[in-house]
2 protein chains.
Amino acid sequence: MFENEGVGIEPEAAEPKRRAGAKAERTRALIRDTALASFRERGYDDTTLRLIAQEAGVSLGNAYYYFPTKNHLVQELYAEVQREHRAAATELLAGSDELVDRLGIVYRTGLATLEPFHAFAPGFLTAAISPRSPLNPLAEDSAEARELAVGLFRDAVAGARHSLPDDLARSLPEVFWLAYLLLALFWAYDRSPGRERTLRLLDGGLRLLGLALPLARLPLLRRPLRELVELVAAVRA
Amino acid sequence: MFENEGVGIEPEAAEPKRRAGAKAERTRALIRDTALASFRERGYDDTTLRLIAQEAGVSLGNAYYYFPTKNHLVQELYAEVQREHRAAATELLAGSDELVDRLGIVYRTGLATLEPFHAFAPGFLTAAISPRSPLNPLAEDSAEARELAVGLFRDAVAGARHSLPDDLARSLPEVFWLAYLLLALFWAYDRSPGRERTLRLLDGGLRLLGLALPLARLPLLRRPLRELVELVAAVRA
DNA sequence: CTTCATTTTCGAACATGTTCAAAACATACG
DNA sequence: CGTATGTTTTGAACATGTTCGAAAATGAAG
């Protein structure tokens, strides 16, 4: 509005074929980027839509033209964090073929990616927990980001040499991902310096998993375990 | 306001020594009861403070004089549900001394007590999840209701004949209670008819627990298990 | 009964997420 | 160019949780 109104230096006229909506996409991106920057800086609660609109030099209603709710803006952040996580994890995953080690890599890089948001965790958690929120990782609206995340665990399992029964191996990535959500929940509540408790929980959990996984082949345990795993793997908001 | 303005039939004059604040306590109870009735009927989101105030024949500001936030009103509901749960469970607990059976009783009566609220679970969940909310079961403000709940699991463990190491037995009630919170989380997301999936998860979990508990005495598992249990038992908002 | 301090009650106000009707703009067509 | 159609943008409005200053009720002291 106050800024360049198309008179700019940009070779606009040189591209007469620019598809309709290019301007709209720029506005959308502007709002999105402004919002993400504010979420990173101020967290969820202190990022109001009026503030976003103002910082983006746009009216309040205009923000709502592009994003139906505040949570849809947070979803953009969620997607971005997801991509960061994947980049950090895939790099390290190349160096190991032990299932538990590989899981440890995915969990630890995940926590590291979340760390800058720890101070704001309560706000984001509240926004994300409702089964009705588009932000909910289990919700339909988050399917894309979820596939990315589950994919990471699928990679972790697929790239490991293990001797788990097939049916189990198929459901496990979903379950490991859910475990990750629970770990993140624990992390959100963790007030220990450096999130030391969360890291200890993770270490201990992985160690126990390493000890327990071979037991999954015992005939006595296998049946009930499989049922549980499948039940849990199917949680959806 | 429209109602009896003290001219009533009540033997007010007959009790000159009625301690100061008796009227206040009645107002408080009126607001509280009106709110709880509305929560039960309409759930969290559709129960607005203006509505409560109106139904109670009281001004909006007055409600805030007695309850600092809406969530403090929900806390009253939480306490009531807690008491219901305890009543239902203690009765049945008398009939068994098997640890897993006893746990099953506590979990199942808990779910049954929650059931009338299932339709409103998302609203209440959202209000309760934030580590900063007084409603959060892990929060300082909920200490009383929490002690009641953990006490139930303490009873379940104490009244059972088992051969668990002492240190473990001490931490277990807290952990079982946390597991209950997670079960409630699963329940809140459960869209299956009659919450069939939640019940199956519970059954399966209990069966697995029955199989796994004896393993807790294996020297190899005992150490890391204890660490985890203690870590988890200490979660607080 | 009057006076004064305390407790209780009220109603207006505020910030925020969200909705909506209308204005401004862009584009295609005659 | 001028008009019609669709897209973008705006600003006002609404409901809700919450805050606050002032009025009313209450009760103790003189």
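Two residues are in contact here if their C-beta atoms, placed from the backbone, lie within 7 Å. The legends below describe a predicted model, in which local features need pLDDT of at least 70, side-chain atom pairs count only at pLDDT 80 or more, and totals for chains, interfaces and linings use all residues. Residues are numbered from 1 along each chain as its sequence is written, while chains are lettered from A and ligands numbered from 1 in the order in which they are written.

**View 1. Chain A is built from 10 helices and 0 strands.** Helices (H or I, at least four residues) and strands (E, at least two) are DSSP runs, numbered from the N terminus. Follow the sequence and you read α-α-α-α-α-α-α-α-α-α. The C-alpha trace of chain A spans about 75 × 40 × 35 Å along its principal axes. Of its 237 residues, 29% count as buried; that label needs 20 or more other C-beta atoms within 10 Å of a residue's own, while 12 or fewer makes a residue exposed and anything in between partly exposed, with C-beta atoms placed from the backbone. Looking at contacts in chain A with a separation of 6 or more, 65% come from residues 24 or more positions apart.

**View 2. Chain A is split into domain 1 (22–66) and domain 2 (70–233).** These bounds come from an automatic or database domain assignment. Taken over C-alpha atoms, the centres of domain 1 and domain 2 of chain A sit 30 Å apart. Where the two touch, domain 1 of chain A puts in 9 residues and domain 2 of chain A puts in 12. On the domain 1 side, helix 1 (residues 22–42) of chain A has the largest share, 5 residues. That side of domain 1 divides into 5 nonpolar, 1 polar and 3 charged residues. For this count, Ala, Val, Leu, Ile, Met, Phe, Trp, Tyr, Cys and Pro are nonpolar, Asp, Glu, Lys and Arg are charged, and the others, Gly among them, are polar.

**View 3. UniProt puts "domain: HTH tetR-type" (unreviewed entry) at residues 25–85 of chain A.** UniProt positions are given in the numbering used here, feature names are shortened, and annotations may be inferred rather than shown by experiment. In the model, this span of chain A is 80% helix and 0% strand, and its end C-alpha atoms lie 26 Å apart.

**View 4. Here 28 residues of chain A meet 28 residues of chain B.** On the chain A side, helix 6 (121–129), helix 8 (166–189), helix 9 (196–212) and helix 10 (219–233) each give two or more residues. Helix 9 of chain A gives the most, with 8 residues. By type, the chain A side comes to 19 nonpolar, 4 polar and 5 charged.

**View 5. Helix 5 (residues 99–114) of chain B has 16 residues and reaches 23 Å from its first C-alpha to its last.** That is close to the 22 Å expected at 1.5 Å a residue, where the expected span is 1.5 Å times one less than the number of residues. Its buried residues include B:Leu103, B:Ile105, B:Val106 and B:Tyr107. The buried residues of helix 5 pack against helix 4 (70–93), helix 7 (143–158), helix 8 (166–189) and helix 9 (196–212) of chain B.

**View 6. A:Arg222 belongs to helix 10 of chain A.** With 15 other C-beta atoms within 10 Å, A:Arg222 is partly exposed. Set aside neighbours within four places in sequence, and A:Arg222 is in contact with A:Pro165, A:Ala216 and A:Arg217.

**View 7. A:Arg195 lies in the loop between helix 8 and helix 9 of chain A.** Most residues other than glycine have a negative phi. A:Arg195 has a positive phi of about 55° although it is not a glycine. A:Arg195 is buried, as 20 other C-beta atoms lie within 10 Å.
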